[in-house]
Amino acid sequence: MSKADNSIIPTADPQQAEAVRQKKTTSSVAKVTHHHSNESEGVSGGSFSDGSMSVFTGGAFGGRMLSSDCDVFEHNAWDHVEPDADHYQYAEQQIRLHQEHPVPEEDREFSELFSWTDDRYSADKVASSEIQNAEYEETKKSSESSDSEFYDVSPNTKFCIMEVGCGAGNAVFPLLADIRDPRLFVYACDYSKTAVDVVKANDAYDENRCKAFVWDLSSTELPEGVEPASVDIMLMVFVFSALHPDQWDQAVENAYRLLKPGGILLFRDYGRNDLTQLRFKKSRLLDNNFYIRGDGTRVYFFTNEQLQTIFCKKFVVEQNAIDRRLLVNRKRELKMYRVWLQAKFRKPFA
Ligand SMILES: C[S@@+](CC[C@H](N)C(=O)[O-])C[C@H]1O[C@@H](n2cnc3c(N)ncnc32)[C@H](O)[C@@H]1O
């Protein structure tokens with residue numbers, strides 16, 4: 001199986017598969033242990049000693065770099081731009097405004113009851129389109145040969161990708177189109193029945209290759225029909241931020257239970273001081289960095305350190321990075337900073 005076949009699933013050569021199985025009990029365990037030891041070192045100066053948490057400065061998330069001799073208003077967007085002093089001042093001022101004017105007490109009970117419901121679905125379709133490509137590329141990359149030591153590559157074994165909070169299927173359908181390997185099976189689930197119906201109505205929806213269903217990531221039950229420890233890659237793209245902080249641990253537990261040992265969780269979500277956070281007006285703050293939108297959906301803005309704390313209880317943190325973009329309104333000479341977190345968590349073998 002080669003990349004020329006357009007397959008990203010690791011090789012199915014039986015001899016190599018056996019070698020892989022051997023390796024799983026040796027080098028992979030060693031690798032996991034190695035990461036564990038780094039985890040215990042915690043966060044120091046914004047990065048781990050192995051670089052697993054890094055602010056990307058290279059081409060990982062995009063390549064238009066703003067150098068000192070560039071005119072910032074020459075293009076609409078720049079990658080990896082460290083915000084300027086004006087931005088930090090604006091951020092401070094906005095966060096103070098939010099804290100001084102949280103959701104009023106009389107609306108609080110009502111807001112707490114809200115979560116995603118079907119009639120709010122249209123808003124997330126818009127939000128999702130901006131991230132589709134990045135996550136899709138990352139999924140492909142993560143399942144390529146460098147990770148093959150973690151996967152069972154025998155020819156009859158299904159290779160399962162599961163997207164939780166799949167929305168309209170922005171990641172699912174490109175993956176199905178690109179990976180023709182018959183071993184691929186994709187689960188697409190969402191809290192919203194409307195989202196699931198949208199996925200099922202897509203012409204590319206093929207029940208032999210994928211299954212869409214309603215499931216709440218914060219549920220205490222695993223989804224019906226998906227075996228524990230059966231998923232190779234799980235995607236969570238802008239869905240974790242929709243959870244209430246009280247639901248985080250259950251969501252992590254669910255991901256852990258569904259993934260195979262050695263399987264990975266690819267994560268992308270809002271970072272602290274992202275434009276979306278700073279643009280909130282008064283009376284939207286439910287709790288620190290946790291807001292309710294006008295349509296009733298909720299959103300949390302994370303830091304790398306928080307992700308580390310939340311996920312290291314169950315996973316090995318292999319990547320925990322910040323993806324920064326500077327968007328420019330050239331006409332009005334406005335600078336807007338986007339901050340997304342991109343992470344890769346691996347379920348250890350033991
Ligand atoms: C911002 S959208 C992202 C959609 C998709 N991941 C994408 O990138 O196109 C968030 C999605 O998460 C879903 N969602 C929110 N809370 C959820 C939960 N507790 N369990 C499962 N899905 C949830 C919403 O219904 C929505 O479709």
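Student: Which elements do the buried residues of helix 11 pack against?

Tutor: A word on the model comes first. This is a predicted model, in which local features need pLDDT of at least 70, side-chain atom pairs count only at pLDDT 80 or more, and totals for chains, interfaces and linings use all residues. Residues are numbered from 1 along each chain as its sequence is written.

Helix 11 spans residues 304-311, and its buried residues are Asn304, Leu307, Ile310 and Phe311. A residue is buried if 20 or more other C-beta atoms, placed from the backbone, lie within 10 Å of its own. Helices (H or I, at least four residues) and strands (E, at least two) are DSSP runs, numbered from the N terminus. The four residues cover an arc of only 125° around the axis, so they lie on the same side of helix 11; the arc is that of the directions from the helix axis to the C-beta atoms. The partners against which these buried residues pack are helix 9 (248-258), strand 10 (316-329) and strand 11 (334-346).

Finally, Leu265 may be considered. Apart from neighbours within four places in sequence, Leu265 is in contact (C-beta atoms, placed from the backbone, within 7 Å) with Met234, Met236, Ala255, Leu259, Phe315 and Phe345.

How values were computed:
Contact = placed C-beta atoms within 7 Å. Buried ≥ 20, exposed ≤ 12 C-beta atoms within 10 Å, placed from the backbone.
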